[in-house]
Amino acid sequence: MKLTSCKMAAASTANFFTTSTAPCNSKPYMVSKSKSFGLRFNSPNYLRSFSGLKAATSVNSESESSFLGKESTAALRDSFAPKAVKQNRDTVTRFQPRASFKVAILGAAGGIGQPLALLIKMSPLVSTLHLYDIANVRGVTADLSHCNTPSQVLDFTGTAELPNSLKGVDVVVIPAGVPRKPRMTRDDLFNINANIVKDLVEAVADTCPDAFIHIISNPVNSTVPIAAEVLKQKGVYDPKKLFGVTTPDVVRANTFVAQKKNLKLIDVDVPVVGGHAGITILPLLSKIKPSVSLIDEEVEELTVRIQNARTEVVDAKAGAGSATLSMAYAAARFMESSLRALDGDSDVYECSYVQSELTELPFFASRVKLGKNGVEAVIPSDLQGLTEYEAKALEALKPELKASIEKGVAFANKQPVAA
């Protein structure tokens with residue numbers, strides 16, 4: 001069975017480029033390697049948005065939007081402190097970001113895995129990118145290796161090479177599994193993907209137990225508890241380092257609200273709590289920043305659209321696939337946030353499905369603060385002062401989310417873990 005990917009999101013990307021300031025009458029020349037210098041993007045002033053295509057003496061921005069939705073052009077410019085090498089009266093600058101983190105994508109040849117690999121390849125914080133799948137990953141690796149960004153890309157095919165794909169890895173992202181198809185029930189999806197996630201997390205536990213683990217494979221409400229139980233059975237469970245990637249719900253919410261109210265997308269921030277399927281997805285529209293006025297009909301319309309956004313894409317593709325590009329975008333945003341936190345940035349917040357004590361449920365999606373060791377804090381303020389509509393929706397989602405969690409735990413406990 002091919003390890004494909006399964007999920008979605010929507011957002012805007014940043015389009016950064018760099019230009020040379022050499023005089024127009026200058027002759028072409030080369031800068032020797034001995035003339036180059038290293039530049040490390042130390043938090044919080046390194047390049048926070050993907051921009052790894054080219055670097056020279058000036059930085060321009062065609063868009064203020066980014067994966068984070070909050071970064072300004074000034075912050076981008078401030079992240080560069082170039083040294084100059086003078087040659088024939090021309091100023092030349094070579095940027096060589098000293099990326100330091102190793103990332104593995106398990107399910108890299110699938111519909112989400114491929115665009116996600118491209119986006120992560122562009123990150124200035126990634127030194128090595130390991131691509132694993134049970135087939136067809138060599139071609140993906142060859143293609144990506146032609147991109148002139150700093151990270152090295154290596155391919156690993158088949159279960160025999162899975163352990164090597166995880167050696168020394170800082171972050172593991174798992175989009176492996178099958179995508180949801182029309183008329184496929186969540187039980188159908190669970191029965192296939194649960195075993196895939198279990199096997200992959202076992203390998204993570206054996207090879208890189210200290211890595212951050214990003215679970216994308218659906219149904220996330222169940223696959224994250226499965227991963228937790230496997231890690232517990234292996235004796236290496238750290239709840240601070242296990243994440244269900246619910247970022248797609250956040251970028252959808254931001255996009256749909258901005259469209260509905262004609263807002264500048266970069267300014268919009270909608271916290272999304274609960275789980276990552278159907279009514280368990282609860283956008284807190286009363287907490288939108290900047291504050292906007294929504295009538296009851298708009299709240300209900302937006303909530304339902306955000307909850308059903310994945311189905312919207314599945315239906316639009318008419319059996320030809322699930323949401324892949326938008327999911328890859330959202331997963332890349334969460335990856336970049338994790339790398340920023342690992343790099344020492346002390347101001348990194350994302351919504352994620354994690355072990356939590358915010359409610360009586362053992363897992364719950366909410367805003368969390370990320371740090372070098374994973375989740376530093378679960379932010380409770382978003383659940384305070386809810387509207388009547390949100391409070392009722394929160395209580396309504398709990399039974400379904402509870403059942404999904406219990407289903408994942410029961411599955412993991414019935415399956416023997418490989419020694």
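Author: Let us begin with the second largest cavity, whose volume is about 40 Å³. The model is a predicted one. In total, two cavities of 30 Å³ or more are present in the structure.

Reader: How is empty space of this kind found?

Author: Rolling a probe the size of a water molecule over the atoms shows where empty space is left. In this structure, the second largest cavity is lined by P209, A211, I213, L231, V236, D238, K241 and L242.

Reader: How many of the residues lining the second largest cavity are nonpolar, polar and charged?

Author: Six are nonpolar and two are charged, while no polar residue takes part in the lining.

Reader: Which residues make the contact between helix 5 and helix 11?

Author: Helix 5 contributes D187, F190, A194, N195 and K198, and helix 11 contributes K407, G408 and F411. Sorted by class, this contact comprises three nonpolar, two polar and three charged residues.

Reader: What are the corresponding values for helix 7 and helix 8?

Author: The axes of helix 7 (residues 247–261) and helix 8 (residues 296–307) cross at roughly 145° and come within 10 Å. This crossing, too, is right-handed. On the side of helix 7, the contact involves D249, R252, A253, F256, V257, Q259, K260 and K261, which meet E298, E301, L302, R305 and I306 of helix 8. Five of these residues are nonpolar, one is polar and seven are charged.

Reader: Finally, the backbone. Which peptide bonds are cis?

Author: One of them runs from N218 to P219, with omega near -5°. P219 lies in the loop between strand 9 (212–215) and helix 6 (220–233). Another joins K289 and P290, with omega about 0°, and P290 sits in the loop between strand 12 (281–283) and helix 8.

Reader: Where is N136, and what is its phi?

Author: N136 has a positive phi of about 65°, although this residue is not a glycine. N136 belongs to the loop between strand 6 (126–133) and helix 3 (137–144).

Notes: Residues are numbered from 1 along each chain as its sequence is written. This is a predicted model: local features need pLDDT of at least 70, side-chain atom pairs count only at pLDDT 80 or more; totals for chains, interfaces and linings use all residues. Side-chain values use heavy atoms; hydrogens and water are left out. Contact means heavy atoms within 4.5 Å. Helices (H or I, at least four residues) and strands (E, at least two) are DSSP runs, numbered from the N terminus. Ala, Val, Leu, Ile, Met, Phe, Trp, Tyr, Cys and Pro count as nonpolar, Asp, Glu, Lys and Arg as charged, and the others, Gly among them, as polar. On a 1 Å grid over the protein atoms alone, a cavity is a set of points where a 1.4 Å probe fits but cannot get out, and a pocket is an open set with protein on both sides within 12 Å along at least five of seven lines; lining residues have an atom within 4 Å of a point. Grid points are joined across faces, edges and corners, and a volume is the space filled by probe spheres set on the points. Axes are lines fitted to C-alpha atoms, for helices over the stretch in contact, and angles run from 0 to 180 degrees between N-to-C directions. A crossing is left-handed if the near helix is turned anticlockwise from the far one by less than a right angle, and right-handed if clockwise.
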